[in-house]
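I opened a notebook on this structure. These entries record what I looked up, in the order I looked.

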Amino acid sequence: MKLSFSIAKRFLTYSKGQTILIMLGIAIGISVQIFIGLLIQGLQDSLIQRTIGQSPHITIVSESKGASFQIEDALFTSLTKDDRLIHVGKTADGAVFALTANEDESALLRGFSDETATIYDLENSLLDGRMADTANEVILGKGLATNLNVDLNETITLQTILGDTVDVKVVGIFDLGVSAVNDSWIVSQSELTQELFNLGDAFTGIEMQVKDVFAADTIAASLEPSVDSDLKVVNWKAQNESLLSGLNGQSISTYMIQLFVLISVILGISSVLAITVLQKSRQIGILKAMGINDSQASLIFIFQGLILGILGGILGVGLGVGLLAMFTTFAKNPDGTALIPITYDATFIAFSGSVAVISALLASVIPARKSKKLSPIEVIRNG
Amino acid sequence: MANILELQHIDKIYGTSIKTHVLHDVNLSFEEGSFNSIIGQSGSGKSTLLNILGTLDKPTNGKVVLNGKDVSTLKSKELASLRNETIGFIFQFHYLLPEFTAIQNILLPNRIKNAKVSKETMDRALELIDFVGLSAVKDNPANKMSGGQQQRTAIARALINNPRIILADEPTGNLDSDTAEQIYKLMRDINKKYNTTFIIITHDQQIAQKTDRIVEIKDGKILLDLRK
């Protein structure tokens, strides 16, 4: 075993150029695998973050659209204590007309608790002004503010379909990045909505985010039994099927690319190792004449594969991570943030590295078997 | 004295469609500690005979008995280790591994036998390399030595495991007559000191004349078996 290893090592260091070439081949394959894998992962994460990062993943609303309901303390407490969930907030919403002296626009008045505002990351989305602290202050989406032609600290009138009105002061303008929201949302404290629509202490929804966004459907299903029968639990996956199928298709194509990269790595290594058996057949013949047994001779090639795989894998991980670092440094949005934020997933990188080792090992099986068949007499007879 | 190596009714035929009958019913035995030579013209079958003696090649018919064991009954692994411990080869061409230095080449058969090279073996290797006159170049890579140096390294390598039999195929073929004489003396010393059996294939009549027994092969048959 030790002898086979040291012969393998000697063979590799003897033909340095060839060894470096094979190692580079493995390394480039693995770095492409890491680069593409993590890039697509980052792309999907940022796509999901952009799509649902600033919105609730699970919402509990009434079966009848827009109707209000009492939130039982027991239910709400159990939700806030559920460690699969983050940011559980109550909302009280209602459709209103926003009126100024010259303009009127239909809008959605959303009454948030502090937790709900956190879900939407509202405070960081403010373009101007501050959050609405009291029930007679509101913040507007930037589209709505433009359409109404209002500025900070001006007063607008909100009117329900029933004709009830209230005057509120605009203290902030936000941009949530979605024009449908920017053009129609007025956000305030939930008390404003409850008072305007005579809801008492009822709400129209509970919104929450989950830690693992892809588990939203199963978590939603597990919450279903604990809510009243006239309420329904809605999760983002059910509402974004086309996004999900898009992501799925992307994942599959990534796997295909990775698979073919791997196949080419394996083919590359095995063909080069097969040639080294021919190159070293004289040496193997001599060693066999001196009494090395077949499995020791095979081990030489297995060890060569192992060494090449490990070194190539390490080099490939370095190259791949370097490529990604370069990509995040140079591919940037105009505002200086990375175009695609990359998470260096240690498990994935370790997986790709071990793929190099395993594929090199697999590739060395063919030359190892070939060396078994080599007889010393052929070498000696052919001089 | 007991026979260390025996050939019984050996036939060797090469090829399947065009058959070349190289050896015809050869019976030959070698006593332990004897010093033998095999001579014959090229194409006479003597190299084939040596390969069969060395268990590198299998006879078409007949039996090879090495150290009391019928080698055809051994598995390839057992045969490999028997070969490693019992037989040292000296080939006409040196067959060193170019990836290793002279001293490492000499130690290789021992490393095949034992995982670790002992101090005694190391001393023996140094002694052998000194004996073949290569102490100065012992750390040179094998491919950076002259032909004569390489052959002498190969001889030292054949001796490292203290084999009971040394099979030599034209060991002095590439060497000048002085060195050939030295190598002959070296082999004789080993023969006396360790009771190692020598079977030497040679063209060199001078060397052959000095051995205890001369076997002449012609057309795959034993023409002459002369014992002194």
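Predicted model: local features only at pLDDT ≥ 70, side-chain atom pairs only at ≥ 80, totals over all residues.

**Entry 1, the two chains.** I started with the contact between the chains: 18 residues of chain A are in contact with 21 residues of chain B (contact here has C-beta atoms, placed from the backbone, within 7 Å). On the chain A side, the elements giving two or more residues are α1, α12 (281-289) and α15 (376-382). Helices (H or I, at least four residues) and strands (E, at least two) are DSSP runs, numbered from the N terminus. I noted that α1(A) gives the largest share of that side, five residues. By type, the side of chain A that touches chain B has ten nonpolar, four polar and four charged residues. Ala, Val, Leu, Ile, Met, Phe, Trp, Tyr, Cys and Pro count as nonpolar, Asp, Glu, Lys and Arg as charged, and the others, Gly among them, as polar.

Residues are numbered from 1 along each chain as its sequence is written, and chains are lettered from A and ligands numbered from 1 in the order in which they are written.

I then looked at helix α1 (residues 2-14) of chain A against helix α13 (residues 294-330) of chain A: they pack at about 55 degrees, with axes 8 Å apart. Axes are lines fitted to C-alpha atoms, for helices over the stretch in contact, and angles run from 0 to 180 degrees between N-to-C directions. That angle makes α1(A) oblique to α13(A) (under 35 degrees is roughly parallel, over 145 roughly antiparallel, 65 to 115 roughly perpendicular, the rest oblique). Residues of the contact include Phe5(A) and Phe11(A) of α1(A), and Phe303(A) of α13(A). I recorded ten nonpolar, three polar and one charged residue in this contact.

Chain B has seven helices and ten strands. Six of its strands form an open sheet with mixed pairing, in the order β6-β7-β8-β3-β9-β10 (strands pair if DSSP finds at least two bridges between them). Which strands stand at the edges? They are β6 (87-90) and β10 (221-227) of chain B, each with a single partner strand, so one side of each has no neighbour in the sheet. Strand β9 (residues 213-218) of chain B runs antiparallel to β10(B), joined by six bridges. Ile217(B) has Ile222(B) in β10(B) as its bridge partner.

Definitions and conventions:
Contact = placed C-beta atoms within 7 Å.
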